[in-house]
Amino acid sequence: MTDDAPNDPQDAIDSQGERRREELDDRIFEHSAGDEQEGIPFVGAGPGNPRLLTVAGKELLEEADLVVHAGSLVNSELLDEYCGHAELVNSVGKDLEELIPLMRDAYEDGDNVVRLHSGDPAIYGAALEQMDALEHEGVPTHFVPGVTSAFAASATLRTQLTLNEVSNHVAFTRPQGKTLTPEEDHISDFVEMGDVTTCIYLGTHAVRDTMDRLLEDDHDPETPVAVIYHASWPDEDVIVGSIGDIADKVEEAGYRASALVVIGDAVTGAGYERSFLYGDWANRGSSENSAETEASDD
């Protein structure tokens with residue numbers, strides 16, 4: 001393409017979506033995550049700490065000529081450490097009509113372009129619409145996974161998101177608001193299941209509303225809740241409470257954004273049962289094999 005402006009992004013999104021309905025992309029069967037691939041990589045920067053960037057992400061950033069990044073959602077220390085040689089463009093406040101020609105033209109000029117998202121671009125990253133718009137103009141793209149904030153929060157809390165007899169499931173979700181109707185908000189449903197660790201993204205501003213709705217739905221006010229602000233960043237803060245009191249604690253701390261909310265008994269890591277993995281079940285095969293060997297030696 002040589003036009004100064006891209007095709008209409010919505011037309012590109014609709015067109016690419018229709019193609020997916022008709023057939024799968026051949027590259028699905030040609031490449032695995034982590035492979036070196038042609039085109040513009042959409043890289044997950046991880047939760048904040050530069051050391052939690054993947055090896056693949058680090059290598060791509062170090063070779064980049066242009067890095068389009070997610071503004072303050074990406075730790076400036078990471079940008080300084082791995083992108084100091086590259087042109088940096090903050091994507092905040094820019095729409096697709098501006099971002100797509102910027103990345104397309106740089107790529108077609110022979111530059112190594114990296115689109116850097118916070119966390120993992122597959123989780124609330126709005127990456128696919130950019131990728132579809134670029135692909136529609138003949139610019140190949142691919143995902144490079146990152147460490148999402150729920151995993152950093154789990155590490156900070158020194159617990160697992162899944163625990164035997166405590167939590168068999170994990171839900172990544174967000175609260176109702178401008179982009180999610182009340183009918184699409186299933187937080188109460190997840191909590192009601194009892195064995196789900198519910199990780200709420202983009203919901204720091206709505207902690208009180210969310211907890212009030214859970215109380216209105218008769219959920220146990222003593223259910224553990226943790227709010228991890230800036231997980232893995234230098235200014236990380238951890239607030240632990242319950243459905244009944246976490247809103248007061250978050251408001252007292254003054255946080256309105258950039259925190260992950262975790263609901264469920266896995267928050268404390270208490271009450272789990274020993275798994276089968278390292279018990280008698282795990283040794284059953286070797287014991288049976290030993291018995292068969294002894295029998296054959298008789």
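In what order do the strands of the open sheet with parallel pairing stand? The legends below concern a predicted model, and the first of them takes up this question.

**Figure 1. The open sheet with parallel pairing.** Five strands make up this sheet, and their order is β3-β2-β4-β1-β5. The pairing is parallel. At the edges stand β3, residues 87–90, and β5, residues 141–144. Each of these two has a single partner strand, so one side of β3 and one side of β5 lack a neighbour in the sheet. From one strand to the next, the twist averages 20°.

**Figure 2. The pairing of β2 with β3.** Strand β2 covers residues 66–69 and runs parallel to β3, to which four bridges join it.

**Figure 3. The open sheet with mixed pairing.** A sheet of five strands is built in the order β6-β7-β10-β8-β9. This sheet is open, and its pairing is mixed. Its edge strands are β6 and β9, the latter spanning residues 237–242, and each of them pairs on one side only. Ignoring direction, neighbouring strands of the sheet are turned against each other by 15° on average.

**Figure 4. The pairing of β8 with β10.** Strand β8 (residues 224–229) pairs with strand β10 (residues 259–263) in the antiparallel sense. Five bridges connect the two strands. Among the residues involved is Tyr229, whose bridge partner in β10 is Ala259.

**Figure 5. Glu165, with a positive phi.** Glu165 sits in the loop between α7 (149–157) and β6. Its phi is positive, about 70°, although the residue is not a glycine. Most residues other than glycine have a negative phi. With a relative accessible area of 58%, Glu165 is exposed, because the value is over 50%.

**Figure 6. Asp218, with a positive phi.** The loop between α9 (207–216) and β8 holds Asp218. This residue is not a glycine, yet it has a positive phi of about 65°. Asp218 is exposed, its relative accessibility being 69%.

**Figure 7. Gly177 in a loop.** Gly177 belongs to the loop that lies between β6 (169–173) and α8 (187–193). Is this glycine buried, partly exposed or exposed? Gly177 counts as partly exposed, because its relative accessibility of 46% falls between the 20% and 50% limits. Pro101 is 76 residues away from Gly177 in sequence, and the two are 31 Å apart in space, C-alpha to C-alpha.

Figure 8. How many disulfides does the structure hold? The number is zero. A disulfide is a covalent bond between the sulfur atoms of two cysteines. Cys83 is buried, because its relative accessible area of 0% is under 20%. Cys199 is buried too, with a relative accessible area of 0%.

Technical notes. Residues are numbered from 1 along each chain as its sequence is written. This is a predicted model: local features need pLDDT of at least 70, side-chain atom pairs count only at pLDDT 80 or more; totals for chains, interfaces and linings use all residues. Side-chain values use heavy atoms; hydrogens and water are left out. A disulfide is a pair of cysteine sulfur atoms within 2.5 Å. Buried means under 20% relative accessible area, exposed over 50%, partly exposed in between (1.4 Å probe, protein chains only). Two strands pair if DSSP finds at least two bridges between them. Axes are lines fitted to C-alpha atoms, for helices over the stretch in contact, and angles run from 0 to 180 degrees between N-to-C directions.
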